[in-house]
Amino acid sequence: MKRVLIPGILAALMSPLSPTSAHSENLIALCDGFSPDKVTVETGAPKGAERISGIFKGKWANQLEHTLVVERVSADGSVKAFYASGEYPPWGIDKAACAQRPGTFQDGVLTLRLSQDRSAKYALSPSGVLAGEYYFRNSLTIGTFQKADQENRAQTMPEKLEFPSGYVSELVPTALREDGKPVRLQFVTIKPKGPGPFPLLIFNHGSTGHGDVPAAARAIDLSHPIAQHFLENGWMVASPQRRGRGWSEGLYDEGFLKDRSRYSGDPSVTLAGFDRAITDIHAAVSVLLSRDDVDAHQVVMGGQSRGGILSLAYAAKHPGRIRGVLNFVGGWLGTWSETFSDVHQTIVADAAESPTPTLWLYGGKDRLYRINDIRPFFESFISDGGVGEFVPFPNAGHGLMSETTQWTEPVDRFMSELGFPEFAE
């Protein structure tokens with residue numbers, strides 16, 4: 001057995017730190033029983049154990065402070081670790097805490113069991129960034145973390161980063177430009193093994209609530225349940241992050257007030273933001289359809305919330321590029337907005353010009369887009385020439401995709417009717 005004091009750990013615990021680091025320092029202080037001189041890697045431990053031992057600091061979804069302490073890696077791959085997280089009321093986490101959690105380290109992946117329905121996985125990239133996945137029931141959040149002795153360095157995300165379950169994040173050049181400079185967008189993709197080309201689902205993310213929490217724009221959305229469902233059927237799934245979202249470059253500007261304090265309800269402003277989002281999606285689609293591993297003739301688009309209604313509009317604005325649309329609880333402004341009806345009627349009327357088949361999935365407990373508020377727009381969509389099916393889920397809310405698996409039946413039927421027999425099996 002050998003005991004390894006990871007360089008920088010003691011300094012990270014004792015030296016003055018930045019505000020972010022100070023928060024992380026407090027998280028370490030909550031880990032009862034941990035001492036930096038206890039960091040141990042046993043002789044015969046799996047390859048990579050020394051690199052993954054020690055203290056890592058970062059955030060889940062660019063939102064929730066998290067410190068991981070890997071104190072011991074045994075020869076059999078078992079791990080003694082401390083899992084610490086800060087408070088984050090938007091997620092219902094009202095108190096910072098740290099607890100020892102059992103884990104394993106095998107094939108370069110560290111897995112921790114956090115509770116009956118929560119777990120985390122981590123993989124160390126060649127660049128030294130620890131790529132993490134946080135599982136809560138059937139949802140997944142990703143995060144990035146750095147060693148304690150590297151946290152005060154400027155953190156530059158790798159252009160390509162692979163996560164434990166096969167998701168790959170890439171910063172990709174696009175045709176978009178701002179201030180005369182090209183803009184790179186972040187794509188999070190997952191695909192079956194092999195060279196392809198694969199049929200492709202492009203799934204678009206939603207908004208940031210009322211738009212009044214700027215940091216929320218940096219959360220990375222990958223819609224894990226639908227991605228896994230399509231992956232199991234042999235499809236590649238891509239989740240492009242629009243400008244200013246996730247790690248994408250550029251300004252996030254999808255219909256704000258002049259002071260950018262929240263989203264605007266002014267139809268001219270919010271519809272201009274809508275058009276900007278369509279421009280971003282088109283730039284992303286152009287990149288994706290040029291990839292060698294994508295079958296450009298077998299592409300379906302979908303989205304959650306704003307991403308759902310954007311997908312409906314994209315099909316009309318760019319006919320022939322996609323075979324069908326999956327609209328999960330789609331909408332642009334919440335029903336709280338005075339211009340909710342005017343804005344949505346305009347968007348839906350334009351979307352109805354497309355002959356592309358669509359599937360609308362909505363939850364009865366959704367506070368943003370209630371079934372009774374959305375159904376009239378669907379009926380107008382159909383009367384104006386649109387093609388679609390409306391499927392209500394009375395007991396689901398705005399998180400329909402993660403709250404139930406009942407959506408798989410209408411989605412599979414829809415995909416089968418589009419001519420994809422793998423969903424009929």
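Trainee: Which residues touch the most other members of the largest nonpolar core?
Mentor: Phe230, Phe328 and Met415 do, in a core of 88 residues. Such a core is a set of buried Ala, Val, Leu, Ile, Met, Phe, Trp, Tyr and Cys residues joined through side-chain atoms within 4.5 Å, buried being under 20% relative accessible area with a 1.4 Å probe, protein chains only. The model is predicted: local features need pLDDT of at least 70, side-chain atom pairs count only at pLDDT 80 or more, and totals for chains, interfaces and linings use all residues. Residues are numbered from 1 along each chain as its sequence is written, and side-chain values use heavy atoms, without hydrogens and water.

Trainee: Which helix gives the largest share of this core?
Mentor: Helix H5, residues 267-288, supplies nine residues; helices are DSSP runs (H or I, at least four residues), as are strands (E, at least two), numbered from the N terminus.

Trainee: What lies apart from it?
Mentor: Another core, of 23 residues, includes Ala49, Leu68, Tyr83 and Leu114.

Trainee: Changing topic, how many disulfides are there?
Mentor: There is one, counted as a pair of cysteine sulfur atoms within 2.5 Å. Cys31 is joined to Cys98, with 2.1 Å from S to S, and the link is right-handed, at 100 degrees about the S-S bond.

Trainee: Where in the chain do the two sit?
Mentor: Cys31 is in the loop between helix H2 (19-29) and strand E2 (40-41), whereas Cys98 is in strand E6 (residues 97-106), 67 residues apart.

Trainee: Is Cys31 buried or exposed?
Mentor: Cys31 is buried, at 4% relative accessibility. Cys98 is buried as well, at 17%.

How values were computed
Buried means under 20% relative accessible area, exposed over 50%, partly exposed in between (1.4 Å probe, protein chains only).
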